[in-house]
Amino acid sequence: MVTADWLDIGPVDQLPALGARTLPVQGGEEIAIFRTANGSVYALLNKCPHKQGPLSQGIVHDTTVTCPLHNWRISLVTGEALGDDSGCVPTIPVKIDGGRILIARKEALQGVDG
Ligand code: FES
């Protein structure tokens, strides 16, 4: 059900498997929305925890994205850097409803602060 707590950001069909799109939010930040090979959708702040690389331009494998700048691997589920690297990027809850992608409004707006 669509409520005021969720933002409808468009049809899931427009996000190809292994693809990503971005969504500008207030404060000049962006959220990156990813779709995995099995169709799951995740949203993260579009900023690598290393040096702010644009994660939306990275390559998706399973539930990770590889940063395009220095190849850190970031979990789409937790936002944490994997392997020997450490750092964490805010994640935003996502759900699919009636073929539409919904993201949590509160976290989407809070993500820009932290
Ligand atoms: S900015 Fe992402 S790995 Fe360096």
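Two points apply throughout. Residue numbers start from 1 along each chain as its sequence is written. Because the model is predicted, local features need pLDDT of at least 70 and side-chain atom pairs count only at pLDDT 80 or more, while totals for chains, interfaces and linings use all residues.

**Whole chain**

Select the protein chain and colour it by secondary structure. The order along the sequence is β-β-β-β-β-β-β-β-β-β-α. The radius of gyration, taken over C-alpha atoms, is 13 Å, close to the 13 Å that the globule rule gives for 114 residues, so the chain is as compact as a globular protein of that length. That rule is 2.2 Å times the number of residues to the power 0.38. Along its principal axes the C-alpha trace spans about 40 × 30 × 20 Å.

**Residues 6-103**

Select residues 6-103, the range that an unreviewed UniProt entry annotates as "domain: Rieske". Such positions are given in the numbering used here, feature names are shortened, and annotations may be inferred rather than shown by experiment. This range is 0% helix and 42% strand, and its end C-alpha atoms are 5 Å apart.

**Sheet E1-E10-E9**

Select strands E1 (6-11), E9 (residues 94-97) and E10 (residues 100-104). They form an open sheet in the order E1-E10-E9, with antiparallel pairing; two strands pair if DSSP finds at least two bridges between them. E1 and E9 are the edges, each with a single partner strand, so one side of each has no neighbour in the sheet. Neighbouring strands here are turned by 30 degrees against each other on average, direction ignored; the axes are lines fitted to C-alpha atoms, for helices over the stretch in contact, and angles run from 0 to 180 degrees between N-to-C directions.

Now zoom in on E9 and E10, which are joined by four bridges. Val-94 has Ile-103 as its bridge partner, and Asp-97 stands opposite Arg-100. Two residues lie between the strands of this hairpin, and Gly-98 takes a positive phi near 60 degrees.

**Sheet E5-E6-E7**

Next, select E5 (59-61), E7 (73-75) and E6 (residues 64-66). This is an open sheet of three strands in the order E5-E6-E7, with antiparallel pairing. Its edges are E5 and E7, each with a single partner strand, so one side of each is without a neighbour in the sheet. Three bridges link E5 and E6, and Val-60 stands opposite Val-65.

**The core**

Which residues touch the most other members of the largest nonpolar core? Select Ala-32, Ile-33, Ala-43, Leu-44, Ile-74 and Ile-103, out of 26 residues in that core. A nonpolar core is a set of buried Ala, Val, Leu, Ile, Met, Phe, Trp, Tyr and Cys residues joined through C-beta atoms within 7 Å. Buried means that 20 or more other C-beta atoms lie within 10 Å of the residue's own, with C-beta atoms placed from the backbone. E1, E3 (30-35), E4 (41-45) and E10 each give two or more residues to this core.

Finish at Ala-43. Leaving out residues up to four places away in sequence, Ala-43 touches Ile-31, Ala-32, Ile-33, Thr-91, Ile-92, Val-94 and Ile-103; contact means C-beta atoms, placed from the backbone, within 7 Å.

Note on methods:
A residue is buried if 20 or more other C-beta atoms lie within 10 Å of its own, exposed if 12 or fewer, and partly exposed in between; C-beta atoms are placed from the backbone. Two residues are in contact if their C-beta atoms, placed from the backbone, lie within 7 Å.
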